[in-house]
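Please look through the structure shown below before reading the questions and answers that follow it.

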Amino acid sequence: MKVKKLGVLASLAVVAASFCGAANAAQVTWEDTIDFGAGREVTPWSPAVYTHDITTADAGGFKVGQDTVSSYYLTLDLYDDNDKATEIALFSDPGNLVAGVWSDLSGVEGVKGTILGRWLLEDTGHLTVAISSLLGDFYLGSSTLSVKGTSVPEPATLALFGAALLGFGLIRRKRLEA
Ligand SMILES: [Ca+2]
Ligand SMILES: [Ca+2]
């Protein structure tokens with residue numbers, strides 16, 4: 001009888017732990033900003049190719065093989081060197097060579113992510129993009145990658161939680177028996 005009750009308590013703890021696991025798979029936003037300082041010059045002969053990394057502590061510590069990516073967005077700060085010539089900037093994302101084309105660089109430039117980019121981010125925590133010039137020269141000041149997805153707690157945390165629940169159950173049982 002005692003063994004059977006313990007068994008029920010243990011399965012309750014497992015059920016509670018998995019329930020909490022599902023509840024804890026929270027919506028998270030990871031963000032990585034690359035600051036190019038005085039600005040990276042982009043000309044038709046020198047595109048800017050760079051990689052965002054969301055696995056760093058600063059970005060929020062994306063965990064490859066555990067966290068999932070649902071969408072991402074890139075915000076760029078492109079600006080002209082005011083030589084009054086025409087500029088055409090091209091943004092390339094994995095899976096989309098013409099993800100963004102801008103001829104007026106006075107505002108904020110932003111692009112939505114691609115499906116391939118999403119997979120790459122989920123698989124590696126990294127995203128490599130390119131900004132090139134179709135016409136004229138301009139500067140890249142900064143690039144911010146914002147990634148939305150879900151993060152699940154570590155299995156070790158879940159196991160600990162389950163053990164804690166089981167422990168509480170046992171303590172309660174002992175109190176009831178005393
Ligand atoms: Ca701009
Ligand atoms: Ca220019």
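Helices (H or I, at least four residues) and strands (E, at least two) are DSSP runs, numbered from the N terminus. This is a predicted model, in which local features need pLDDT of at least 70 and side-chain atom pairs count only at pLDDT 80 or more, while totals for chains, interfaces and linings use all residues. Residues are numbered from 1 along each chain as its sequence is written, and chains are lettered from A and ligands numbered from 1 in the order in which they are written.

Q: In which strand does Lys 148 lie?
A: Strands are the DSSP runs of E with at least two residues. By that rule, the strand that holds Lys 148 is β8.

Q: Is Lys 148 buried, exposed or partly exposed?
A: A residue is buried if 20 or more other C-beta atoms lie within 10 Å of its own, exposed if 12 or fewer, and partly exposed in between, with C-beta atoms placed from the backbone. Lys 148 has 15 other C-beta atoms within 10 Å, and therefore Lys 148 is partly exposed.

Q: How far apart in space are Lys 148 and Tyr 72, C-alpha to C-alpha?
A: Two residues are in contact if their C-beta atoms, placed from the backbone, lie within 7 Å. Leaving out residues up to four places away in sequence, Lys 148 touches Gln 27, Thr 29, Ser 70, Ser 71 and Tyr 72. Lys 148 and Tyr 72 are 76 residues apart in sequence, yet from C-alpha to C-alpha their separation in space is 5.9 Å.

Q: How many bridges join β3 to β8?
A: Two strands pair if DSSP finds at least two bridges between them. One bridge sets Thr 75 against its partner Thr 144 in β8. The strands β3 and β8 run antiparallel, and the number of bridges that join them is 12.

Q: Which residue in β7 stands opposite Ser 92?
A: Another open sheet of four strands has the order β2-β7-β4-β5, and its pairing is antiparallel. Within this sheet, β4 (residues 88–93) and β7 (residues 126–135) pair over five bridges. Opposite Ser 92, the residue in β7 is Ala 130.

Q: Why do the buried residues of α2 lie on the same side of the helix, and what arc do they cover?
A: The buried residues of α2 (residues 115–124) are Gly 117, Arg 118 and Leu 121. An α-helix has 3.6 residues a turn, so residues three or four places apart point the same way.

Q: Which exposed residues are carried by the face of α2 turned away from its buried side?
A: The buried residues of α2 pack against β3 (68–80), β4, β7 and β8 (138–151). The face turned away from that buried side carries the exposed residues Ile 115, Leu 116 and Asp 123.
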